[in-house]
Amino acid sequence: MRLLPAGPRAVLVEVDGTEQALALYQRFETERPAGLATDVVPAARTVLFDGVGDLDAVARWLSGPEPSAVRPSAVRPPAGGRVVEVPTVYDGADLGDVARLWDMTTEEVVATHTGTTHTVAFCGFAPGFAYCAGLGREVPRLASPRPRVPAGSVGLAGPFTGVYPTASPGGWRLVGRTRLRLWDSAATPPALLTPGTVVRFVAVPA
Amino acid sequence: MSAVLRVLDPGPLTTVQDGGRPGYAHLGVPRSGALDGPAAALANRLVGNAADAAVLETTLGGVRFSVSMATTVAVTGAVCTLTVGGREEPWGAAVSVPAGVPVTAGPALWGVRSYVAVAGGVLVAPVLGSRSTDTLSGLGPPPLAAGLELPVGSGGRLPPSADVVVPRPRSDETVLSVHPGPRLDRLGPAAWDRLTTSAYRVAADSNRIALRLAGPPLPRPVASPTEEPPGEEPPGEEPPGEARPGVERPGVERPGAEPPTEEPPGAELSSEGIVLGAVQVPHSGQPLVFLADHPTTGGYPVVAVVDPADLPSCAQLRPGDPVRLRPARPNAHAR
């Protein structure tokens, strides 16, 4: 674990990888240390502690139990964590490309994707846009992003699966679509897929 | 009975802003809020509002509106003329406004963003605890448009009368104090010196997301061999943050509004959390300073962080204005 400076009110904590970042974030969510930080943002291999009044207090809290010691294995759902099923029509424009990249049939891609237990590692780039980890395979992003990806599109990029909460430009390889509403500002929490949420994609007919 | 503010002319861009919506960055929600927080708070204080009540934030060109009930307004931030029904009124003071009379905050004479507070505040429905327009994600009310009607409070409390507002002193060159950022090492040892000695000018495409600086380009990001002790990574499990030239990764394009940076495939870092005031260096080598509507995560290296005390002045910098970045004193804390 490395503590990197981020100004007088924040510290960026670098860890070994996505699992450790999520574990550290979950430790914060579980303990909710009063007044430590207003925003704690997990990412691919860092956790940002922002809105910090006392940087030394964060360092002391971080020197507590190593989250990796608490959660030694792969990304795992927290006890009692949320599980969300995402009904998905697998007819994405890039499904064939993903099959070629993985040397599979499209049916095998769907079976791989639906057979995986995904976990939201972190959110970013748009409210409710979740990076779902667990696939164990990677695909490169599109060389040039599409100018418009419809809301509900299910895409793959790197080791992650993401679902676009709103229509936007995007470079993820689209494998399907869902009608689930991923963002509702009036709901608590407003995001359907929050860091740590367990996600299962379920194939449904068009 | 509630009053309504009717927009007659929104100017180039006028939005509703308050203290923003911190606390949701882990869900990808930008903080948003008034770019020049002290100016917004002052306008509120002049009309007897809570400091973080929602106000109008203009952009260079001012705004024109009327209010359905007699009220009090105050304009702060960028200095501009203020007319009420054609009569000139003072900037930086509580001004009585009769019902239905056009109120015009003119174009900014210096600075960029004027703040117009109305007694009782702008009372559009809050989203995640804030009435701010987020120009990146689209959360909050849309930018003002001609004919739009916004609910406003009916005032009531007598505003303080003793305030004398003096415009902030102007200087030929704005100096922003910067602290070292988390990825300073990615640009090599010369980057800090170049960042803190170069003369920059504000670029024209600056907005609520980022203040863009134009100047001598910083070195292109380099992979840092010292950062990852060899053998630390489990074999075969390459972390998404690893520098892998030529390999595309996710996390560098953002669904949502216009991206603040061009995101080529294969940025150096996978995305990580971004703080307000973060100085990010994209491939062009031209740094940008992230402001209130910044994305919550980003992929390019953050090499410095502007001291929070200097962020309000970023809100008032015009395209072409000269800027320098200077190292903050080692133990300098904001305020």
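Of the 335 residues of chain B, 57% count as buried, meaning under 20% relative accessible area, with over 50% called exposed and anything in between partly exposed (1.4 Å probe, protein chains only). This is a predicted model, where local features need pLDDT of at least 70 and side-chain atom pairs count only at pLDDT 80 or more, while totals for chains, interfaces and linings use all residues. Residues are numbered from 1 along each chain as its sequence is written, and chains are lettered from A.

Let's look at how chain B is built. Its secondary structure comes to three helices and 20 strands; these are DSSP runs numbered from the N terminus, with helices (H or I) of at least four residues and strands (E) of at least two. Take contacts (heavy atoms within 4.5 Å) between residues at least 6 apart in the sequence of chain B: 76% of them join residues at least 24 apart.

Now to helix 2 of chain B, residues 190–197. Which of its residues are buried? They are B:Ala191, B:Trp192, B:Leu195 and B:Thr196. These four lie on the same side of helix 2 of chain B, because they cover an arc of only 115 degrees around the axis, taken from the directions from the helix axis to the C-beta atoms. An α-helix has 3.6 residues a turn, so residues three or four places apart point the same way.

| Strand of chain B | Residues |
|---|---|
| strand 12 | 174–180 |
| strand 13 | 200–202 |
| strand 16 | 278–280 |
| strand 20 | 322–327 |

Strand 19 of chain B is also included in that cover.

Elsewhere, B:Trp91 sits in the loop between strand 7 (87–89) and strand 8 (95–97) of chain B. Why does B:Trp91 count as buried? Because its relative accessibility is 15%. Leaving out residues up to four places away in sequence, B:Trp91 touches several others, among them B:Val75, B:Cys80, B:Val165 and B:Pro167. B:Trp91 and B:Leu288 are 197 residues apart in sequence and 31 Å apart in space, C-alpha to C-alpha.

Finally, consider the surface. The accessible surface of chain B comes to about 13200 Å², and 56% of this belongs to carbon and sulfur atoms; the areas come from the Shrake-Rupley method with a 1.4 Å probe.

Notes. Heavy atoms only, no water.
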